[in-house]
Amino acid sequence: MSIVLPGGVPMIFCWCPPTTSAEWKIISGGKDYFLMGSSEVEESRCHDEVQHRVILTHGFWIGKYEVTQAQWESVMGENPSSFKGADRPVEWVSWDDCQAFIRKVNSGGQVTVALPTEAQWEYAARGGKYSHGYDYAGSNDAGEVSWYIGNSGGHMHTVGSKAPNELGLYDMCGNVCEWCSDWFDFYTSEAQTDP
């Protein structure tokens, strides 16, 4: 799906099916959940990432790429980024800045957008493959799917310049940090539905 943002710049979205759908079950090998958190042997794992099953009963649309500087500037009229480039992700924006961006996009009346929940973001990032023995979003090779401290040269890169994950999403690991709509909390091992 594609929309035209206020200011005339397009934004592309990808569909993330509910984990209860036939489409997801094909991607996930028949499971009706995804594993949120990380296994105890995963490289760079933090102690607060206890792995647990999550069922999402509703699908959602999510940006195919990070919000670019061109998109941000189109809507907000300014570009706060340090590493300039129209097709690079916007950076140096707070959660409140993102809420202002969302309000302006929603004021156009085309669609209603919001930041994903942490569970939605991780589900989208994992793209069906994290839970099948892959360390990163669709690969065991971080350099194939992400810009990170070992290959970025210390700056942001053009969105979509690495391989996508199984859901067609780019840059879900690395390049920039991304905001979610809900708050940080410690995971428990208890299964959850629509957290």
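Predicted model: local features only at pLDDT ≥ 70, side-chain atom pairs only at ≥ 80, totals over all residues.
Residues are numbered from 1 along each chain as its sequence is written, and side-chain values use heavy atoms, with hydrogens and water left out.

Helices (DSSP runs of H or I, at least four residues) and strands (runs of E, at least two) are numbered from the N terminus, and two strands are taken to pair if DSSP finds at least two bridges between them. On these terms, an open sheet of three strands is found in the order β3-β4-β6, with mixed pairing. Strands β3 (34–36) and β6 (192–193) stand at the edges with a single partner strand each, so one side of each is left without a neighbour in the sheet. The antiparallel pair of β3 and β4 (residues 52–55) is joined by three bridges, and Met36 has His52 of β4 as its bridge partner. Helix α4 (residues 118–126) packs on the sheet and touches both β3 and β4, its direction making about 120 degrees with that of β3; axes are lines fitted to C-alpha atoms, for helices over the stretch in contact, and angles run from 0 to 180 degrees between N-to-C directions. The covered face of β4 carries His52 and Val54, whereas Arg53 and Ile55 lie on the uncovered one.

Burial is assigned by relative accessible area (buried under 20%, exposed over 50%, partly exposed in between; 1.4 Å probe, protein chains only). Six of the eight residues of helix α2 (residues 69–76) are buried, so this helix is largely enclosed by the rest of the structure. The buried residues are Gln69, Gln71, Trp72, Ser74, Val75 and Met76, and they pack against β2 (10–16) and α3 (95–107), contact being defined by heavy atoms within 4.5 Å. Just after α2, Gly77 takes a positive phi of about 80 degrees.

Thr19 is placed in the loop between β2 and α1 (22–28) and, at 0% relative accessibility, counts as buried. A polar atom of the Thr19 side chain lies 2.9 Å from the backbone oxygen of Asp32. When residues up to four places away in sequence are not counted, the contacts of Thr19 include Phe34, Val54, Ile55 and Tyr123.

Leu115, in the loop between α3 and α4, is likewise buried, at 18% relative accessibility. Its C-alpha lies 8.5 Å from that of Asp182, although the two residues are 67 apart in sequence. Among the residues touched by Leu115 are Trp95, Ile102, Trp179 and Cys180.

The second largest pocket has a volume of about 910 Å³. Pockets are open sets of points on a 1 Å grid over the protein atoms alone, where a 1.4 Å probe fits, with protein on both sides within 12 Å along at least five of seven lines, and lining residues have an atom within 4 Å of a point; grid points are joined across faces, edges and corners, and the volume is the space filled by probe spheres set on them. Of the 34 lining residues of the second largest pocket, Met11, Val67, Leu115, Pro116 and Trp179 are the closest to its centre. Two or more residues of this lining come from each of β2, β5 (60–63), α3 and α4.

Notes: Polar contact = N/O pair within 3.5 Å; in protein donor to acceptor, adjacent residues only side chain to side chain.
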